Amino acid sequence: MNQISEAIGFNLIVISPTVALVITALILLFFTITIETKMIVKKVITFSGILVTLFCVFLKFGLFSQNGVSSYFTQKILLDEFSLFGNVLIGLILFLNFIPIWGTSYELNEKTSEAIILILMSASGFFLMVDAENLIMLFIGLEIGSISLYALAGLNRRDKLSNEASLKYFLLGSLASCIFIYGVALVYVSYSLMSVYDFALAIAYTGPDLIPLTTFIGVLLIFVGLLFKIAAAPFQSWAPDVYQGSPTGYVGYMASVAKAASFIVIARICMVSIRFILEDFEPFFFAVIFLSVLVGSFFASIQTDLKRLIAYSGVVQSGFILSGITSGVNGTSSSMFYLFAYILQLIGIFTIFSIISGKLSSNFEMDNMKGLMKNNRFLAISFCVFMLGLAGIPLTSGFVSKFILLTNLWAYEKYFLVSILLLSTVVGFYFYLKPIWIATIEKVDEPIETLLIKKSEYLLIAFLASLTILFGLLPNTLINISRWVVQNYL
Amino acid sequence: MIGLTYSFVLIPFVSTIFIFLIPKKRAELFRPLTIFLSLIPLGLCLYIFLNQNLKTSFNVVDKFSWISAYGINLTFGLSGMSFLLITLNCLLVLLSILSLNENHGLSKGFLGSLMLLQASVNGVFLAGDLISLFIFFEALLIPMYFLMGIWGGENRRYATIKFILFTVFGSIFILAGTIYTGVLSYLSSGSFALDFETISSLSFTSSQSKILFLLFTFGFLIKVPIFPLHTWLPDAHVEAPTAGSILLAGVLLKVGAYGILRVSIPFFTEGFIEYQFLIAILSVIGIIYGAIVAIVQIDIKKLIAYSSISHMGFVMLGISAGRFLSLEGAVIQMINHGITSGALFMLVGFIYDRRHTRRISDFGGLKQSMPIYAGVFLFTSFASIGLPGLNGFVGEFMILMGSFPTFQFLSSIAAFGVVLAAIYMLWAYQRMFNGKLIHEENKEIHDLNSKELAAVAPLLLLMLFIGIYPSFIESYVLQDVSVIYESINNILGES
């Protein structure tokens, strides 16, 4: 028995974060169906489940230091730097979003456990996705994660926009999944392989000139499926509607977790699988980046709804991150830094939105920010920090990430790309400063309702804002971590 | 002394936190505390002045590792020129706080923004590498955004956004230049080191030097501002509160010229020689255009804003000529313009607080009701025009003398700028102060009180002092200028 398990690479630690989350979800489900339990008990169960998950991620580091880069379960699950970075990122997203998620779910009353279970399941799926070596495994992880997110978007049944968001997300997301799985099939047709590592070997074996056309199309379709998840143009059309319609408290989680996992997977495919033929995909990626920056910047400047604005700004940021990932090793490392910094800002912004507009609300007009400075100085200042971080002003992590990303791109001699990205930051200043103006400067006449903020929310926002500034002043540690992720390919 | 340089950034920054910590109930404490806190950097200036030899070129004092993986450090240092500009900045911040009206003086946010502005402008002048120069260059937008946005005039939204977008548009060129320099530095030394020492040791090809010069200079010229890129300045000045205007004209415009002197010319000299004529033409157009447009202004603040364009044109003419005398004159004119235009904006602020108007036609005969104010205004106008014996004369004279051998035709035209300056300043003076008191409201208006006089008096003394004894300032800028001059001379000698 032992030998068999060793032969197939059976190792529970590798998938322990996924398992821990699924078990937590099942325990919650059990309590919800059978015994009537108090909210606080469920909260403790959920929170300790998340903590156990984080501990499992820690255990994986121990395994990595023993075995190094290794694959398990007959080449289904992979343990490498990307998967560890992805695990940390997703674990962190789950942990940091716990407060807004719980607050939102609490307001749903009878559906609290439903929402929490959905979130835990989706996180487990995304854990699986970043760990997957086999493309089918990747697809399973992506689907487990995404389907829970579709349901999460429509959880506020009485809200029309929420229903719309859910349906739209589901239909377009399924289409993207179809495209993805079709790409996997085409790749399988050409090489009879599923593993991302073997794929690279096969390409190296045949040589870049003799690669069948089906491989190109297959990889292209895989990318389309993944680019849909990160809302890169021209696959961005779902993002603004879904961000706007979904309950505000969940958007921070939904946006960040899908992006984090997909970017990690894209980075791994670019870095490992198609490493030798990456140049052939350059026109495709260039078109995607160019369109993302253009479409995102243009539409973000004309939005009046803040959630839509952040969605379109996310399209621009995706273009930025993608430009690093698709250009080489150093570019990928700077993109990892960018991704980390961006996700912290995203979570912070949506936590603030959920406090101001109500956790279950859907659309969030910019005018709702009026008088924030008078109402709550702390929220206003941290909102400015996050927005300026997204805009990339010096002294925030946004500047450092843009600076090192553009430096690397310039070193790869992509001058045209750098100029486009630089110009987009000017437009970015225009649309990021608009909400800041309304929140801090615009005068209000009518009396403002005071906002109710819990201490934990204060703590979370203060933590995220100070991290945004800290990584802007002392970026050394995070940059070293992001270089560690790609150390094998340097 | 270690820590000496960055404390110019740190002290105002910590002061801001102090100011925000005082409870709102004790509003009467805000201003005295801020005045006290802004005396500290000024005291530090005095300490450095007494204890250190500042008549040197740029010396690196402090160094931090910022991104060790890329070999990028944050470097701070001092030279004679940057010391003068820092002192000017600290002085103008102190005086603008002294000159605040009750409305602004009681606001934490306003005082805090001023201190933050001081910190970031100091940072620009202290920067010993491109990246920290860029960081502070952009960081000063944040306090300026709030100063103009919250406490500005009617049309402040348009003016603020325009100011920010113009500056950011310029700064992406500086960022591109910084990145390009970093990559070139990487190709030659293996790290992205961006400090001035490393850059000056790099050898650029002629085309690289030209591209880099254009990238950096374009970004800095927007900030100066030079002729077709100047349109943000009048809007920003008119809408900014008085203290914001003082600092905008007094030090923020100098940031651009400082950047050209510190970065563009010494490192990318070949590019400078290629494009110096273009810059000179634009500066002369700016001198004449600014002066002519100033003549027809009906708003006194806008008039001074356009006169700033004209005066900064002189600075850029002196820089572009690249002669020793003209460069020296340009630096001295930078300091002088900071003092004079700061004083002018302060004076306009005083009268605006009383009458809530800045239209020249709303005044007239003010000399009878405000004799001291009229005297101070006339004195400052004379300094601005460039009357011999006052500071404005020194700089403009040196610039015109120095640039004549290089651009004979252009500097002859530029000399008309001095005449035009006399027209717009004196005509405005005449319309505001001479004649009969036509408007009822102007009769009851009270003269400068002792507090306001105290705020403006140091500037008046400086105008006189520099006018009589200019070699005091000259001795500080000597070394900086000779470094720049030598780099130009080396290239000219080679070709």
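Two residues are in contact if their C-beta atoms, placed from the backbone, lie within 7 Å. The structure is a predicted model, in which local features need pLDDT of at least 70, side-chain atom pairs count only at pLDDT 80 or more, and totals for chains, interfaces and linings use all residues. Residues are numbered from 1 along each chain as its sequence is written, and chains are lettered from A in the order in which they are written.

The axes of α10 (residues 206-223) and α12 (residues 242-267) of chain B come within 7 Å and cross at roughly 160°; axes are lines fitted to C-alpha atoms over the stretch in contact, with angles from 0 to 180 degrees between N-to-C directions. This makes α10(B) roughly antiparallel to α12(B), a term for angles over 145 degrees.

Now turn to the strands. β1 (residues 59-67) and β2 of chain B pair in the antiparallel sense over seven bridges; pairing requires at least two DSSP bridges. Phe64(B) has Leu74(B) in β2(B) as its bridge partner. Seven of the seven residues of β2(B) (residues 72-78) are buried, so this strand is largely enclosed by the rest of the structure. Buried means that 20 or more other C-beta atoms, placed from the backbone, lie within 10 Å of the residue's own.

Finally, chain B gives 26 residues to its contact with chain A, and chain A gives 23 residues. On the chain B side, α8(B) supplies the largest share, 14 residues.

Technical notes. Helix = DSSP H or I, 4+ residues; strand = E, 2+ residues; numbered from the N terminus. Buried ≥ 20, exposed ≤ 12 C-beta atoms within 10 Å, placed from the backbone. Parallel < 35°, antiparallel > 145°, perpendicular 65-115°, else oblique.
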